[in-house]
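Trainee: Please take me through the salt bridges in this model. I would like a close look at the charged side chains and their surroundings.

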Amino acid sequence: MGENHSFSNQTLITETDRMKFRELDSFLNNYDDSQKKAIISDSRNILCIAGAGSGKTSVLVKKIDFLTNYKSVDPSKILAITFTRKAKQEMESRLEALNIKTNVHTFNSFSERILRKYQHKIYNKNTMVLDYSGKVFSFSFAIQSLNLTIDSVIDLYFTDKQKILKTKEELSSILINDCFSIIDFFKLKNKDLSSLSQDIHVENKKIAETILTICKKLQEYIQVYGFRSFNDQILDTLEFFKNNPDYIPQYDYIFVDEYQDVNNSQSKILDLLNPKNLFLVGDPRQSIFGWRGSDINLILNYNKKYPDCETVVLDKNYRSNNHLVNFMNHSIKDLSLRDLESSINGEKNIFLSEHKSEEDEINFITEKLSELTLNKKRIFVLARTNRHLQNISLVMKQKNIHHIIKREDDLTNTGGGNIIISTIHAIKGLESDIVFIMGCNKQNFPCKSSDHPILDFIKLGEYNKEEEEKRLFYVGISRAKHSLYLSYSGKPTEFINEEMISLLEEIPRKDKKDEIDKTSYQDEDFLERDFRRSETYTESKYKEDWEDMISED
């Protein structure tokens, strides 16, 4: 990542621009000059690099407002594409508040609308989206026809520790999702499934061959019964547009939010839509879904593909104080992007604490939470994996610390809770006064553990996992507005570099021995086993982790 990505054609604010700003002062007076430029620029192809806390969604909505009310653009000729259903709902809500009714979709809901409208031209039979219940049914049919049992496949696929720490329902859910993810992966790469068992380490050979047999049977079932996966929505729409250009809808303007999360198939759909005007918003620093297929190079190399595009950089952070923004900038230096600037001066409240064990670390965090909740400020407790959330949630429940567990693209409102615990992936896009990030050690950043042995293996080389993990850490620390608490046991992550260490404050802590009742949990394995029985942990055992993000709405 040492290559410089300062982006060519980066816009300059001219005197002509400032004159327009003054003319539109009543409309633009709450925005800085870079934001104003993005809003009123009439360039046909704009790439807006929007750093954390820079107000990208407000800018995107304001530009649509500007086009419809000042440029008389027909709202029906505007398409806004978001990455998640929650972002779609938020954008629709903001536009409705401005009395603007336009087309807002996720890539999948847009594709599904096309597939339903032209189903008779695309398919020779009735089709339906394969949801999770359909996957369970298909999987059961496949293994029965192969004279396999779910227990025998689970026993082969997972390690002994995984089988101890997870319920059969959880293991079944992971296994089923992995099989369908493998099918989607090979379909996206236009590769034959038979290559799955090639180049697999000897110790994984039997697993790969068994999973290959199941996946082939699932493919047969999907084709016979007309099921479509979420990836099929994108691929089938892409193929339809390629073969039937007359059916491609025409838009004057297309807006794409979170462009750093787009994959190659979605990018090709944008190319075929070929609108008169294109406005892309994204932040390479926050590209964290390579494991799901997104390609950071699409945003990093956009200027090379479209040298005539205008690049507007939003680099003023309106969320975090100056000390936190400085800390953030040092964490992502390798990407060679322009530093963010803070608009807020505040106290330096950035702490790093070392602990003898995860138990000690959780005890420290819960003690601090008990102190901080008296201030009634919003608090995030973030972790790299769901296992850490399970462990700390159990202890918080034992100590009567009320909290909400945030799920990825959870459509429910979390505003009613002062303390929200979440993985970093699930909290992206949100902010909090105080943020704790637990498990800041070499085991978690970059993450060494995995529940998906074959799925992880076939994706090796598809993206730079360590760099993505570094960006994930950046996303976590950039949620904080005022205070940041980092903690770890074992060896600290190297993502906290020397420059960042120089910015830390000494943690204010009483000198006393652990007060936690060691009989309540002796080790992390006990925590995880006991947590599965906890009412606090409400995750559905039968739902894909990311199904809500890409469903057809």
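Mentor: Start with one term: a residue is buried when its relative accessible area is under 20%, exposed when it is over 50%, and partly exposed in between. Keep in mind that this model is predicted. Side chains of opposite charge can pair when their charged atoms come close. The count here comes to 32 salt bridges.

Take R285. Its salt-bridge partner is D283, with the closest N and O atoms 2.7 Å apart. R285 has 4% relative accessibility, so it counts as buried. D283 has 2%, so it is buried as well.

Now look at helix α5, residues 85-97. K88 and E92 both sit in this helix, 4 residues apart, which is about one turn. Their side chains form a salt bridge, 3.0 Å from N to O. K88 is buried, because its relative accessibility is 12%. E92 reaches 24%, so it counts as partly exposed.

D261 and K428 form a salt bridge at 3.8 Å, N to O.

Salt bridges with shared partners join D261 and K428 with K56, D257 and E258. Find D261 in the structure, then trace the network from there.

Key: Residues are numbered from 1 along each chain as its sequence is written. This is a predicted model: local features need pLDDT of at least 70, side-chain atom pairs count only at pLDDT 80 or more; totals for chains, interfaces and linings use all residues. Side-chain values use heavy atoms; hydrogens and water are left out. A salt bridge is a side-chain nitrogen of Lys or Arg within 4 Å of a carboxyl oxygen of Asp or Glu. Helices (H or I, at least four residues) and strands (E, at least two) are DSSP runs, numbered from the N terminus. Buried means under 20% relative accessible area, exposed over 50%, partly exposed in between (1.4 Å probe, protein chains only).
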